[in-house]
Amino acid sequence: NFKGSSVGSNIILGGDPAAYLTSGNPDPVNQGWLRLTKDDNSQRGYAYVNNSFPCTLGAYIEFEYKTWRSKGSSADGICIFLFDAETPTFRIGAFGGSLGYAASTLGGYTPGLAGAYLGVGLDEFGNFASNEEGKDGPGYRTNAITLRGPETPKNSTNPAYRFLISQTVGGGLGNIAYGTRTSTRPTDTQFYRKVRIHIEPE
């Protein structure tokens, strides 16, 4: 877990600015969280597990998270990604609606995640599914789970990081992010999410 002040050698934290642990600041010691971003513009902190596994087995991913804001209307969201373990150098994707996964043409070209295989976007604002900023897709999907494909598709006619599928989760199923502005992390009673991703081999 990420409650303490350090991570295992197989956990890589980074970004622009970098993701960090909150044990001791602002949370009590050994009661911290992994915080990917602050409540500000142009953030793309990341954490990844530096362990490879054969894709023939599929994958099961489970984690808990909270996301909230003290200003503005909404953040962009979070992306859970898989990438090719043989990629020589890790490179996170673009800011904003690309969720650190896809490339972007906003303000010039920013490449996407190096060696990307699959991106699962927990999309608050809706831009991960859009066809703007150099991405393909059906358009904005607020409060949605959106999947995007690999950097190098098997079929040369498919674009890099191509849109795969999207499902909105608003209404009775709840929202991606806590809907009320607050300067402090919401309690479990106010907002709590557990995500389970099950990927089956072909």
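Is cysteine 79 buried or exposed? Cysteine 79 is buried, with a relative accessible area of 13%. Here, buried means under 20% relative accessible area, exposed means over 50%, and partly exposed lies in between (1.4 Å probe, protein chains only).

## About this model

This is a predicted model, in which local features need pLDDT of at least 70, side-chain atom pairs count only at pLDDT 80 or more, and totals for chains, interfaces and linings use all residues. Residues are numbered from 1 along each chain as its sequence is written, and side-chain values use heavy atoms, with hydrogens and water left out.

## The overall picture

Along the principal axes, the C-alpha atoms fill a box of roughly 50 × 35 × 35 Å.

How much of the protein is buried? Of its 202 residues, 39% count as buried. Contacts (heavy atoms within 4.5 Å) also tell us something about the fold: among those with a separation of 6 or more, 57% come from residues 24 or more positions apart.

## Surface and charge

The protein exposes about 11,700 Å², and carbon and sulfur atoms supply 49% of that area. Accessible areas come from the Shrake-Rupley method with a 1.4 Å probe; for residues, only the protein chains shown count as cover.

Now for the charges. There are 18 positive and 18 negative side chains, and the centres of the two sets lie 5 Å apart. Lys and Arg count as positive and Asp and Glu as negative, while His and the chain ends are not counted. Each charge is placed at NZ of Lys, CZ of Arg, CG of Asp or CD of Glu.

A search of the whole structure finds 0 disulfides, a disulfide being a pair of cysteine sulfur atoms within 2.5 Å.

## Backbone details in the loops

The bond from aspartate 16 to proline 17 is cis, with omega near 0°, and proline 17 sits in the loop between strand 1 (11-14) and strand 2 (20-21). Another cis bond joins asparagine 25 and proline 26, with omega about 10°; proline 26 is in the loop between strand 2 and strand 3 (34-35).

That loop between strand 2 and strand 3 also holds asparagine 30, which has a positive phi of about 65° although it is not a glycine. Asparagine 143 has a positive phi too, near 50°, and its place is in the loop between strand 7 (116-123) and strand 8 (144-148).

Valine 29 lies in the loop between strand 2 and strand 3 and is exposed, with a relative accessible area of 58%. Leaving aside neighbours within four places in sequence, valine 29 is in contact with Ser23 and Gly24. Isoleucine 197, in strand 10 (residues 193-199), is buried at 10% relative accessible area. With the neighbours within four places again left aside, isoleucine 197 contacts Ala59, Tyr60, Ile61, Ile80 and Val120. Isoleucine 197 and phenylalanine 63 are 134 residues apart in sequence, and 9.1 Å apart in space from C-alpha to C-alpha.

Where is arginine 44 found? Arginine 44 is in the loop between strand 3 and strand 4 (46-49), and is buried, with a relative accessible area of 17%. Beyond its neighbours within four places in sequence, its contacts include Gly15, Asp16, Pro17 and Thr110.

How values were computed
Helix = DSSP H or I, 4+ residues; strand = E, 2+ residues; numbered from the N terminus.
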